[in-house]
Amino acid sequence: MCFIRSITRAAFSAAAVLGLSAPVPAESMAQTIAEVLGTPGVIWTAGDVTAITQPDQAHDGKDCLRINPRGNNPPAGIQTELMALSVVDGYYRSEGLSNSTTFSVAQQKFTASSWKALHILASPGPLVMHNLGTPDRGALYLDEVQIRPAVVVPVAEALDFPTGLVSFPPTPNLRPFAEPDFAPYGADAALLSGPVEFSANLAGPRVLK
């Protein structure tokens, strides 16, 4: 059995969507975004964020990042660039336990209330996290964000084709991976983001499912 998950990436200007500034330097906050989130070496751009250094406000008991609510003109958020298919983990919550706010990560929507775990598979390109809530619905808090490259396997292995039956030329439209949490059968799969060509060595009639 094979599985191909289809994804679509919208084309947009990050600056226009987020109102992004340059990467936040140390002098403008007590810490950089990378330091607050625990992502050393990652360059983040941001719009309307605050470093929170109160231990009782953070998931790790040290600090966290607050994305301030300002509606959609434009929404506040952070962004970095992913060079490969990646697994993104972290924790998020809203301003208070009685409030909730909607936010998006890599075009997937979530609702924040108390601390919850974030665990997604994100395709290469801009990784955008922004607060979709209005000013009266509270801020979004992020903490302990981790980004790592997804485990990659050959296309034939991910799609369970017999060895030598089908060959795929290199293409960014098909990204095979071995991340059980994101594969429907708990092993591997592939993300499909556009047309894909392949050749098959068929000895007789075959059915492609």
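These legends describe close-up views of a predicted model.

**View 1. An open sheet is built from five strands.** The strands run in the order E2-E5-E10-E7-E8. Their pairing is antiparallel. Strand E2 (45-47) and strand E8 (108-112) form the edges, each pairing on one side only. From one strand to the next, the twist averages 15°.

**View 2. Strand E2 meets strand E5.** E5 covers residues 76-82. The two strands pair in the antiparallel sense, over three bridges. Look for Gly-47: its bridge partner in E5 is Gly-77.

**View 3. Tyr-92 and Phe-110 form a tilted ring pair.** The model has three aromatic pairs in its count. A pair of aromatic rings is described by the distance of the centres and the angle of the planes. Here the centres of Tyr-92 and Phe-110 are 6.0 Å apart and the planes stand at 55°, so the pair is tilted. Tyr-92 belongs to strand E6 (residues 86-94) and Phe-110 to strand E8, so the pair ties together parts that are 18 residues apart in sequence. Both Tyr-92 and Phe-110 are buried.

**View 4. Phe-103 stacks with Phe-110.** The ring centres of Phe-103 and Phe-110 lie 5.5 Å apart. Their planes are at 25°; the pair counts as stacked because this angle is under 30 degrees. Phe-103 is buried, as is Phe-110. Ring pairs join Tyr-92, Phe-103 and Phe-110 into a cluster.

**View 5. Arg-93 lies over the face of Tyr-141.** The distance from Arg-93 to the ring centre of Tyr-141 is 4.0 Å.

Definitions and conventions:
Residues are numbered from 1 along each chain as its sequence is written. This is a predicted model: local features need pLDDT of at least 70, side-chain atom pairs count only at pLDDT 80 or more; totals for chains, interfaces and linings use all residues. Side-chain values use heavy atoms; hydrogens and water are left out. Two strands pair if DSSP finds at least two bridges between them. Helices (H or I, at least four residues) and strands (E, at least two) are DSSP runs, numbered from the N terminus. Axes are lines fitted to C-alpha atoms, for helices over the stretch in contact, and angles run from 0 to 180 degrees between N-to-C directions. Rings of Phe, Tyr and Trp (its six-membered ring) pair if their centres lie within 6.5 Å; planes under 30 degrees apart count as stacked, over 60 as edge-to-face and the rest as tilted. Buried means under 20% relative accessible area, exposed over 50%, partly exposed in between (1.4 Å probe, protein chains only). A charge sits over a ring if NZ of Lys or CZ of Arg is within 6 Å of the ring centre and within 35 degrees of the ring normal.
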